[in-house]
Amino acid sequence: MAAPALLAVERAAATLRVCDLSQDGRLALVRRGPRGRREALVVRTADLRTTYALPVADGDPWIGRFSPDGRTLWLRSDAAREFAALFAVRLSAEGERRALVVAAERADCGLELLAFGRDGHTAILAWNVRGASELEVLAVTPAAGTGDALVRPPRAVPLPHEVVTRVVPAGSRAALVLALSGSQRRPACGGSPTAPRCAPRGPRGTRTPSRPAVPRASRTGAADGTRRTAAERLVLPRAGPGTRRTGAVRDPPPRRPGGAGEAGVQPLYHELLGRGLDVFAPDVRGSSGHGRSFVDADLGTGRFAAIQDVADCAAHAVVARLADPRRLAVMGRSYGGYLVMASLVGHPDLFRTGVATCGMSDFATFYAGTEPWIAESAAHKYGHPNTTANCCARCPR
């Protein structure tokens, strides 16, 4: 065995990953860059030369795979797009781009997970459709010289749960195992050797678990005494051009053995629901699942609009008689914890209390005390007090 070769170095960023190697070992697919500025690199292993680069979406780090012959690269990317799609990059023998086509796309939602069977010709695509997953299976065989790769229409796969959390190959050919999570049924296994199989997995949160949640203390459902379903979806007033705020409402479950664990998809929500609290988890601007513009809508001075989103969501829940205005609380973790503190300061009369978990209370001290790779990864989202004019740590309200 020869000594290992250094393929790439990313000194100041948190994300550097080799996602795939061509079967002959000539090419490596590398994902690098901070949040909001990820890119895929094709690196030639013989001389470590980068032969191709393309911006790719955040989210799942396994962004793509080479075809068995190494002449096509499949990528999950949102390059120059609002929503991530499946790209087919036709490569030369030296790893340089010859053709680039969009092999699968949807106009109103993004590709969240991409995986391949061990045969290299079966792709499985998980689309994020308003917070739930829709699964498709594609047979992919590149046509020489064109980049076109779909030999027949995709096949939809019905799911027993709302969210696909991971897809992994199984067996020697095209079989795949899915990890799923949902609010209505317990995890379970099923399927056949020729179809994706469902693997159990622990509960998972909403698509933006770090965003602040607004629970309401109640044991009777809505403010008017009526009951709602366990996962009602609300569309709130628009938050500006091209943006929207949605969220999931979870009601307290009926008092029965095991009932509390079935009402939601996040362990923390289970505990809150079991204690008689309703939870509304809003998708404030900056959340994923609604396109690139919505993710970027809270950059720079847009941060103050995101803080206002929290207040607007709470106010809407009150006006819609979903919440008691005297018993509102706000909670969040990490950036959600920052939003909690900002919301309590900016709207002191709105919330009865707040729970901020590992939230940033001061951006200047955060950047001064954190590790360099964390600072580099966060700077695109928050700005940096030392390098960005009028970043969030400095801008006036």
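Mentor: Happy to! Rings of Phe, Tyr and Trp (its six-membered ring) pair if their centres lie within 6.5 Å; planes under 30 degrees apart count as stacked, over 60 as edge-to-face and the rest as tilted. By that rule, ring pairs join Y335, Y338, F363 and Y382 into a cluster. Please keep in mind that this is a predicted model, in which local features need pLDDT of at least 70, side-chain atom pairs count only at pLDDT 80 or more, and totals for chains, interfaces and linings use all residues. Residues are numbered from 1 along each chain as its sequence is written, and side-chain values use heavy atoms, with hydrogens and water left out.

The structure has six aromatic pairs. Take Y335 and Y338: their ring centres are 5.8 Å apart and their planes lie at 20 degrees, so this pair is stacked. Both residues belong to helix α4 (residues 335-346), and because they are three residues apart there, about one helical turn separates them. Helices here are DSSP runs (H or I, at least four residues), strands are E runs of at least two, and both are numbered from the N terminus.

Are Y335 and Y338 buried or exposed? Y335 is buried, as is Y338; buried means under 20% relative accessible area, exposed over 50%, and partly exposed in between (1.4 Å probe, protein chains only).

Now look at the neighbouring helix. The axes of α3 (residues 303-319) and α4 come within 9 Å and cross at roughly 75 degrees. That makes α3 roughly perpendicular to α4. Axes are lines fitted to C-alpha atoms, for helices over the stretch in contact, with angles from 0 to 180 degrees between N-to-C directions; under 35 degrees counts as roughly parallel, over 145 as roughly antiparallel, 65 to 115 as roughly perpendicular and the rest as oblique. On the α3 side, R303, A306, I307 and V310 make the contact, while α4 brings Y335, Y338, L339, A342 and S343. Contact means heavy atoms within 4.5 Å.

One further ring deserves a look: the charged end of R17 sits over the ring of W62, 4.8 Å from its centre. A charge sits over a ring if NZ of Lys or CZ of Arg is within 6 Å of the ring centre and within 35 degrees of the ring normal.

As for the setting, the protein chain has six helices and 21 strands, and 49% of its 397 residues count as buried.
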